[in-house]
Amino acid sequence: MTEESFSEQQGADLIRDEARRAPDKPGVYRMYGEDGTCLYVGKAKSIKKRILQYAQGRFHTQRIGLMVSLTRSMELVITASETEALLLESSFIKQLKPRFNVVLRDDKSFAELMIRKDHRAPQVRKHRGAHTTPGDYFGPFASTWAVNRTLNTLQKAFLLRSCSDSVYESRTRPCMLHQIKRCSAPCTGLISLEDYAGLVDEASAFLKGRSRAVIARLSDEMSAAAEALDYEQAARVRDRIRALSAISMENSVSAEGVAEADVFALFSEGGQACVQVFFYRGGQNWGGRACFPRVDRTDTDPEILAAFLGQFYEDKPVPRLILSNVRPHELELLEEAFSMKAADEKGGRKVEIARPLRGDKAALVDHALTNAREALGRKMAEGSAQGKILDEVCEAFGLDSRPDRIEIYDNAHIQGTNAVGGMVVAGPEGFQKSQYRKFNIRGEDLTPGDDYGMMREVMRRRFGRLVKDEDAGEAVVRPDLLLIDGGAGQLAEVQAVLADLGLDDILAVGVAKGPDRDAGKEHFFMPGRPPFMLPLKSPALYYIQRLRDEAHRFANGAHATRRSMDIRKNPLDEIEGVGPGRKKALLHAFGSAKGVSRAAVADLVKVEGINQPLAERIYGFFRPSS
């Protein structure tokens, strides 16, 4: 694979120039705009022929024509085959999120269950990420709830350990999980390693879909124990059977041939799309998730699904069978690419993408389609309701248009200690948690508990950085509205900072709690207006209360974290010359930092690594007035 980069020019002229020099080989091309952001990523069997089509204006929609006009530079990557180009294209799109591509948003990883095989007593645990640890992996599970429930079932039914290796090695008596019949305690020898290995094999068989065989064997074991009058053992086995039967009946799939399959259904409407996915492994349904890729009205369903699948499996294992309600664009090429990826992961196997029209498999796809249709309907309804609420916010505060970015600020401290400022961000799509920020209050000239001074510091740091980034030519988004937890005094501090920085065009509103801190009786403070209230049942009031509560929660959480870290600090860490080794020696000699604080110089010098000057420094640290 080789990569070539070319100098910047303009739109179609640039593309025409690149087409003359482009290779007649498979690869990936990237188009970049004026500010260096990626506009589009595409792949082609012949890069030369594909980008020549753009230069000649062929197959253009108005949207593609706009993309061409905005192009200022291109980068080409040559690959060994079109299949490799498809995989690389998906990787680039997922990484760069180009404006003119179908983009998979909010692609969170899925949890798996792993039975480790690199220990004499294999451990079962939840897992996310690459398969770097030797063992058997089962998944994906669509939600944390689903994987936790299955893990609990495994513990009840097979009594496998979940503790870390270090805990396992240090146990001298069984832990609480053994007491509640969730672990067979191989750590203390209450079960032989041979018998424990049998439990591990049974758990693996259950997760691979052989649940009936496992339950049948356990039933025989229960009957044998009952015939031997060992009713206690029979009851334990009965409880294991119940746990397995419950999850098997709840998750079982009647469709033949879906022991390992992912089911996708795409529903698009009004320029939006939802892709619902369900995971089936070992003949069981391991849950589903609704995804909402970014699409354009001109994108066709086959194009949307093909782009979605490529990005979805970019960092996930591919099953043997993929079922969908839409035949994706370039299906054969996708199958070839996924088979190549699966071969690298599991030693070679073919991946099939099918669109079933009848039978049990079609019923699974129809079920997924129903979920996709309902999920998109809910999202569009929520978006419409959110728009109406933002319209009311505009009316309440005199904004010209709906705010795209609202920043909400709150401070948290206890009598001025461990003070933290919190910034929460919200927009038309709800809370933008990746944009949240916390500010550890650092001002040494602040009087403890000075809320005005804390807010002043937070504003200076937040908007001083914004001005600095703007001056450096970086792309920044200014907030349309600031909501400040506080009244006229807090608002005056914020306005003063914004005026000093030349940002007094940003609207700031103070939100003061009502009498007795009653929700619904908040007073709002704005420049040039007397304090006012919103109608008690106003949707805008409920919305602002939600924003304020989120800011309060975030600031309090940051404060609690800082306070707990402060509590865990050891005063020995603040003494110059006392590193980890000497700290350990001191704690070993005196038991705790408090014991060190009581020690005399003569006692301190007896500790290995502590000389006379350092002993005097330690002694003086705990007695600053002496």
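Here are some questions and answers about helix packing, cysteines and backbone angles in this predicted model.

Residues are numbered from 1 along each chain as its sequence is written. Local features need pLDDT of at least 70 and side-chain atom pairs count only at pLDDT 80 or more, while totals for chains, interfaces and linings use all residues, and side-chain values use heavy atoms, with hydrogens and water left out.

User: Hi! How are α5 and α8 oriented to each other?

Analyst: The axes (lines fitted to C-alpha atoms, for helices over the stretch in contact, with angles from 0 to 180 degrees between N-to-C directions) of helix α5 (residues 144-158) and helix α8 (residues 193-207) come within 10 Å and cross at roughly 140°. Helices here are DSSP runs of H or I with at least four residues, and strands are E runs of at least two, numbered from the N terminus. Angles under 35 degrees count as roughly parallel, over 145 as roughly antiparallel, 65 to 115 as roughly perpendicular and the rest as oblique. The orientation of α5 and α8 is therefore oblique.

User: Which residues of α5 make that contact?

Analyst: Contact means heavy atoms within 4.5 Å. From α8, the partners are Leu-199, Glu-202, Ala-203, Phe-206 and Leu-207. On the α5 side, they are Thr-150, Leu-154 and Phe-158.

User: And how is α4 placed against α11?

Analyst: Helix α4 (residues 82-96) and helix α11 (residues 301-312) have axes 8 Å apart and pack at an angle of about 85°. That makes the two roughly perpendicular.

User: How many disulfides are there?

Analyst: A disulfide is counted when a pair of cysteine sulfur atoms lies within 2.5 Å. For Cys-274, the closest cysteine sulfur belongs to Cys-291 at 7.4 Å, too far for a bond. By this rule the count is zero.

User: Is Cys-274 buried or exposed?

Analyst: Buried means under 20% relative accessible area, exposed over 50% and partly exposed in between, using a 1.4 Å probe and protein chains only. Cys-274 has 0% relative accessibility, so it counts as buried.

User: Where is Lys-97, with its positive phi?

Analyst: Most residues other than glycine have a negative phi. Lys-97 is not a glycine, yet its phi is positive, about 50°. Its relative accessibility is 44%, so Lys-97 counts as partly exposed. Its place is in the loop between α4 and β5 (111-116).

User: What is the relative accessible area of Glu-330?

Analyst: Glu-330 also has a positive phi, near 55°, and sits in the loop between β11 (321-324) and α12 (331-346). Glu-330 is partly exposed, with a relative accessible area of 30%.
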